[in-house]
There are 2 protein chains.
Amino acid sequence: MFKKYFLISTMLVGATINCAAQQKDNLVQFVNPMIGTQKMGHTFPGATVPFGSVQLSPDTDTLSYEVDGKYNKDAYKYCAGYQYDDPTIVGFSHTHYSGTGHSDLGDFLIMPTVGKVQLNPGTAKNPEDGYRSKYSHQTEVAEANYYKVKLEDHNILAELTTTTRVGFHQYTFQKSKDSHIILDLMHGIYNYDNKNVWTFIRVENDSLITGYRQTTGWAKTRTVYFAMSFSKSFKSYGAKDFTKKEVYKGFWSKFDQTKNFPQLAGKQLRMHFDFDTQDDEKIKIKFAISPVSTTNALMNLKAEIPGWDFEEVKKQGQEQWNNELNKVVVKTEKREDAVNFYTAMYHAFLSPTIYMDVNKEYRGLDQNTHTAKDFINYTTFSLWDTYRALHPLFNIIQPKRNDDMVKSMLAHFDQSPLPMLPVWSNSANDNWCMSGYHSVSVVTDAIIKGVFTGDANKALDACIITANQRNYEGIGDYIDKGYIPSENNRTSVSNTLEYAYDDWCIAQLAQKLGRTSVYNEFLKRSTHWKNVYDASIGFMRPRLADGTFRKNFDVLETEGQGFIEGNTWNYSLYVPHNPAELIKTMGGEKKFIPHLDSLFTMDLPDEFFAHTEDITREGIIGNYVHGNEPAHHVAYLYNWTSQPWKTQKTVRMIMEKQYHNGPDGLGGNDDCGQMSAWYIMSSLGFYPVAPSSDRYDIGSPSVMNAKINLENGKQFVIDVKNQSQKNVYVKSVALNGKILNRLYITHKEMMDGGTLTFQMSAAPKLVKK
Amino acid sequence: MFKKYFLISTMLVGATINCAAQQKDNLVQFVNPMIGTQKMGHTFPGATVPFGSVQLSPDTDTLSYEVDGKYNKDAYKYCAGYQYDDPTIVGFSHTHYSGTGHSDLGDFLIMPTVGKVQLNPGTAKNPEDGYRSKYSHQTEVAEANYYKVKLEDHNILAELTTTTRVGFHQYTFQKSKDSHIILDLMHGIYNYDNKNVWTFIRVENDSLITGYRQTTGWAKTRTVYFAMSFSKSFKSYGAKDFTKKEVYKGFWSKFDQTKNFPQLAGKQLRMHFDFDTQDDEKIKIKFAISPVSTTNALMNLKAEIPGWDFEEVKKQGQEQWNNELNKVVVKTEKREDAVNFYTAMYHAFLSPTIYMDVNKEYRGLDQNTHTAKDFINYTTFSLWDTYRALHPLFNIIQPKRNDDMVKSMLAHFDQSPLPMLPVWSNSANDNWCMSGYHSVSVVTDAIIKGVFTGDANKALDACIITANQRNYEGIGDYIDKGYIPSENNRTSVSNTLEYAYDDWCIAQLAQKLGRTSVYNEFLKRSTHWKNVYDASIGFMRPRLADGTFRKNFDVLETEGQGFIEGNTWNYSLYVPHNPAELIKTMGGEKKFIPHLDSLFTMDLPDEFFAHTEDITREGIIGNYVHGNEPAHHVAYLYNWTSQPWKTQKTVRMIMEKQYHNGPDGLGGNDDCGQMSAWYIMSSLGFYPVAPSSDRYDIGSPSVMNAKINLENGKQFVIDVKNQSQKNVYVKSVALNGKILNRLYITHKEMMDGGTLTFQMSAAPKLVKK
């Protein structure tokens with residue numbers, strides 16, 4: 001009999017599907033880390049545990065972000081170090097962002113080789129000129145916390161797994177008196193040639209290396225320490241300093257520092273460790289990192305992987321993954337949908353990353369060592385992206401972690417000299433990437449939803465201080481004039497719009513805490529979006545200091561029009577906190593609905609997207625760019641009109657077009673899980689249009705059934721009747737058997753547990769307004 | 001009545017001399033920090049406390065040590081940042097070596113200015129082009145822990161004092177709306193343009209700055225943290241990054257980082273802090289440093305100078321100095337002799353420097369934070385120089401500190417990946433400067449003399465491991481062949497000679513600890529000096545691997561002959577541990593005495609000293625170069641002949657010629673106190689020809705009387721009868737009234753307290769051998 005739907009089973013990938021779900025389903029089998037590794041997904045295929053500090057993954061190339069001070073466009077595709085179409089692997093490095101649209105990291109590249117020692121990586125065209133190797137996707141296996149590939153040029157099988165702070169390498173060599181492990185400290189993602197500030201290596205004994213890498217780049221000043229332990233003593237080792245001009249060699253030259261010299265420091269160092277190997281001999285490496293010191297790195301190493309059992313470490317990491325994935329157990333019609341869903345869950349659980357040693361020490365913004373006494377410290381906050389759906393998702397299925405994330409952001413605030421909550425923070429830095437002060441949305445949402453366990457008033461103070469940081473991106477003007485004059489800021493309109501939403505978040509929290517004057521002030525500020533709306537053209541528009549709107553203006557162009565990663569067609573819809581008022585302002589739904597419709601249907605020539613670098617052409621639907629976040633909520637805006645069925649149709653269409661099981665399965669950068677979080681929420685049938693309200697707008701679930709296992713022990717079930725690829729319309733929704741006469745559910749309803757039952761249909765339910 | 005001799009008084013400089021010495025004599029008055037600041041002394045005139053971490057001193061210029069990879073000869077005179085003949089002061093920086101022949105440091109330059117903000121230092125020729133200022137020696141006052149000067153271009157009076165870890169600045173401004181304090185993080189001694197690896201600054205509030213400076217250079221990898229506190233809030237501030245090519249500006253450019261932006265990181269930063277000032281308004285700055293973190297720097301600052309009383313801090317530091325100087329209370333014939341003596345004491349008590357925060361944390365060789373649980377951690381070990389007389393002097397008058405210094409060296413050993421005891425260590429680095437492994441001599445001497453309180457056997461093990469470090473400067477060859485073949489090493493002969501002495505030290509300690517096989521092995525090694533002696537010419541000479549002596553050889557040339565900082569005429573006398581055997585080997589005293597005589601009397605043309613850069617021409621007596629250490633013991637070698645009166649005559653002649661009260665008062669680099677220690681010991685009438693023996697050879701005291709106040713509470717008095725400038729010969733010596741029938745005293749005799757009475761005479765006492 002044809003199996004009409006796909007039930008998550010306990011069996012491994014490739015095994016027969018079993019209809020009987022057990023206590024903990026085997027969900028790891030549905031994770032495909034290769035999704036998004038081709039083109040613009042910017043995900044990495046390597047090994048990591050949930051929210052791990054280490055992302056141990058193959059790099060197929062890296063390019064300098066700038067060449068002679070000019071932006072090098074080609075570097076962009078290497079944000080995560082791996083591009084599916086590349087023919088060679090340079091090696092395996094320990095840190096990677098998932099899905100970002102700018103980059104850094106790629107620390108500590110390891111590569112096993114045989115034959116003549118080569119300390120240059122070589123090129124993809126001529127891998128034999130260096131230590132890199134050809135490989136084939138046929139030999140490649142990518143699972144959650146496991147990666148395997150055959151390095152063809154060296155006839156070495158490479159396997160990778162991890163714990164939170166330790167990468168575990170297993171290399172199977174063949175018989176040779178010339179086997180090597182390369183450690184490349186020059187390697188890094190972006191700014192390959194010049195981002196190293198300093199590196200330091202110590203050969204502590206014949207199987208233990210420690211050191212650090214200090215870089216500048218996206219993170220202005222960043223240091224990662226390491227401890228590297230070999231399963232077998234090396235017989236000799238050597239190093240080369242590739243620095244063009246070394247400052248003062250002096251008495252250091254007493255030693256031959258290229259051979260067996262145990263302490264090295266410089267900007268551009270590469271090392272090799274030499275072994276005799278037998279056929280099928282495995283050399284294993286445990287490689288721990290720390291933000292604090294090599295002492296701590298060694299402590300992390302010993303604490304997390306005391307032995308040498310690679311299989312056991314892999315298994316434990318996969319169990320960790322399985323536990324996390326079991327927070328939502330879905331039934332889907334097709335296996336691909338399950339893969340899409342659990343790979344989205346996997347990607348959503350990669351960032352923010354844990355940034356703290358096992359003894360709870362971490363590096364603060366002031367570059368001093370701090371101790372996270374009563375929380376777990378996280379970093380990698382891509383907040384302009386993740387405030388939208390990722391942190392709201394965490395409030396449902398990762399409240400403990402989101403509490404810690406908010407505490408990490410508040411610790412950042414305490415350490416910031418401005419002070420300010422993070423904008424885009426990583427490794428004790430803020431790189432100030434993108435715009436808004438959306439940490440505010442994450443903080444207030446977590447408090448409003450009861451997730452945050454700290455001092456709410458202090459947190460609100462941090463939000464207020466951040467929102468009043470006059471020197472940051474036009475905030476002063478925004479406060480004084482109610483908008484940012486176009487002359488003063490390149491992205492004056494989108495900033496004004498984003499600030500208005502963030503201010504509304506502050507108002508919501510102030511209201512909850514009974515701080516009326518703050519509420520009044522920020523509720524007023526939350527209406528500032530109106531100041532950049534030009535009723536004469538029906539769009540948000542750059543406004544000059546004198547109050548007039550800018551003359552030259554293109555409603556379809558993205559670049560140079562006052563917006564960031566979006567044109568005004570999209571950004572004019574960015575009032576997530578008050579769609580009703582927006583619709584009224586735009587002339588009522590008679591004008592609003594056609595605007596929204598045409599967003600998804602208009603036929604634009606390619607040149608309009610010449611500047612849209614972080615999505616593939618397929619990532620664009622009409623004028624809607626799903627790979628860029630500003631419009632992530634817009635498909636749900638039909639809920640505020642008389643045509644909510646268009647939300648249902650549109651979100652299903654987006655899920656269908658933008659997500660599939662393949663290396664090119666993401667239409668744009670995954671952006672530290674935001675794209676995936678959008679998919680998870682939409683698949684389940686709801687979406688947080690305005691985080692910090694407790695409302696989740698109903699769309700159209702794509703799953704057949706979902707059990708959300710809440711941390712409070714309760715279960716919230718989404719049961720979808722009459723689900724099919726065609727039945728995208730919601731006929732009715734019932735909460736615990738009672739028909740819901742609204743288009744949203746609340747956070748409390750979900751936290752109380754229960755069942756949300758969707759009745760689906762092939763025909764839209766028409767609402768008269 | 002003409003005062004025949006000069007008695008140290010309790011009065012201040014310039015006051016009437018008072019003959020009655022009190023409990024603690026005022027000896028600070030005799031310290032003249034200007035001695036050695038002209039030409040090649042390489043001392044600094046600024047403020048510091050004994051063994052202080054901070055040396056706050058004016059820099060009159062700094063030059064890059066290398067220009068386009070080539071040595072820049074002109075940089076050499078700026079080893080301590082100050083040259084007496086220079087017309088301008090660039091500013092005041094916080095760290096300086098005293099008397100070194102290579103350099104580093106000069107961290108954190110502060111300069112007060114008025115008028116237009118200038119962030120360039122300007123040039124000595126055109127100081128008005130930058131922030132530097134003209135000054136005059138007329139307005140300059142340099143005392144122990146106090147420095148004062150008028151900055152003429154800015155009409156600002158600058159005053160400096162310190163505690164161990166904090167520099168205290170006091171600047172008296174006149175009325176202006178344009179007063180500034182410049183903080184220059186680019187400034188540094190040597191490698192001005194390129195030795196900064198990274199710098200970091202945080203404006204914590206309107207009167208507190210923190211940050212760090214990380215450099216490469218003499219110390220390969222070094223970081224100094226700071227906390228800087230102003231007595232008055234600045235009204236505004238700004239910064240400039242002078243980096244030619246900044247890696248990735250990106251979203252950092254959202255902020256105007258040149259004005260009031262509180263967190264900066266980069267390679268080349270300078271800042272200004274702006275004030276309104278009234279007439280005679282004092283702005284004070286407390287500037288603390290730490291090897292560990294800005295947190296620790298701030299802790300040091302608060303612990304050492306809680307208030308703002310400049311006079312009190314100055315007074316306390318001078319009291320510290322007075323206590324240290326009172327360890328030896330001398331009577332001298334002339335005031336100048338007292339100034340020479342106490343300035344020598346002052347210079348001898350500048351290095352090694354304390355390298356540890358008030359909480360006992362310090363940075364180790366592995367760049368991790370360590371805690372000095374049961375000792376005070378020191379750095380700045382110029383051991384090739386200081387093993388000779390400085391550490392032996394400390395064994396007499398600073399045993400507690402020397403114990404800690406040895407413990408610091410052993411901690412260094414524990415942290416060294418080679419492992420090795422320090423060669424020339426500074427700030428958690430070994431710069432491997434000069435040769436030998438003379439830490440061995442310091443360690444064994446301290447143990448043999450009962451000063452070391454740690455585990456003697458473990459210390460001996462460290463010495464043995466160091467002496468067997470085969471990869472270091474020919475040690476492997478030296479062990480295998482008994483000498484270092486000339487082909488393999490540029491300084492093969494001096495290395496062989498120095499290792500032989502160090503090995504003798506190890507043998508002495510092994511004997512004391514009853515480790516016979518070690519004793520036998522190293523006693524044998526201590527005779528290796530014979531393997532480079534060429535009897536056919538009567539000199540030590542480079543020897544080839546095949547056993548023959550090198551053909552082309554010049555006994556007077558210093559460069560390229562197999563020696564370091566000395567020719568063979570000097571180095572042939574370098575067997576400090578066995579002069580008797582040396583004399584025998586050289587053909588008996590009939591050949592030896594003329595060799596020694598001619599060393600001091602021969603008339604050499606200037607070109608012989610073309611390569612001798614670290615001494616002035618006046619620092620050379622015949623072929624004897626007092627400014628270079630290898631011959632520091634040779635004047636005492638006459639004691640092993642029948643003409644000890646020549647030792648007496650010669651040491652008095654050297655004291656007379658090489659030391660005087662004036663900026664040019666040192667004939668060569670003071671070398672972290674070794675030149676001064678030679679003077680102190682020789683002035684008192686004895687010298688440790690071979691540290692690790694307990695013998696101090698008697699020379700000719702220049703003082704009239706000296707009371708050595710030992711830490712054990714006893715007093716050892718040197719009483720010199722019939723002293724005069726002409727009565728340089730020792731007629732007799734009595735210990736506690738009993739005539740001494742030998743030419744030395746022992747360490748034990750000194751430690752027991754008592755009186756050594758010299759009877760002086762204008763005529764030599766002729767001995768028949």
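Trainee: What makes Phe51(A) count as buried or exposed?

Mentor: Good place to start! This is a predicted model, and in it Phe51(A) has 22 C-beta neighbours inside 10 Å. A residue is buried if 20 or more other C-beta atoms lie within 10 Å of its own. The count of 22 meets that cut-off, so Phe51(A) is called buried.

Trainee: Where along chain A does Phe51(A) sit?

Mentor: Look at the loop between strand E1 (6-7) and strand E2 (57-59); Phe51(A) lies there. Its backbone deserves a glance too: phi of Phe51(A) is near 60 degrees, a positive value in a residue other than glycine.

Trainee: Which value of phi does Gln367(A) have?

Mentor: Gln367(A) is not a glycine either, and its phi is positive, about 65 degrees. You will find Gln367(A) in the loop between strand E23 (361-363) and strand E24 (369-371) of chain A.

Trainee: What kind of peptide bond joins Ser351(A) and Pro352(A)?

Mentor: A cis one, with omega about -15 degrees. Pro352(A) is in the loop between helix H3 (335-348) and strand E22 (353-354) of chain A.

Trainee: And in chain B, which residues does a cis peptide bond join?

Mentor: Ser351(B) and Pro352(B), with omega about -15 degrees. To find Pro352(B), go to the loop between helix H3 (335-348) and strand E22 (353-354) of chain B.

Notes:
Residues are numbered from 1 along each chain as its sequence is written. Chains are lettered from A and ligands numbered from 1 in the order in which they are written. This is a predicted model: local features need pLDDT of at least 70, side-chain atom pairs count only at pLDDT 80 or more; totals for chains, interfaces and linings use all residues. Helices (H or I, at least four residues) and strands (E, at least two) are DSSP runs, numbered from the N terminus. A residue is buried if 20 or more other C-beta atoms lie within 10 Å of its own, exposed if 12 or fewer, and partly exposed in between; C-beta atoms are placed from the backbone.
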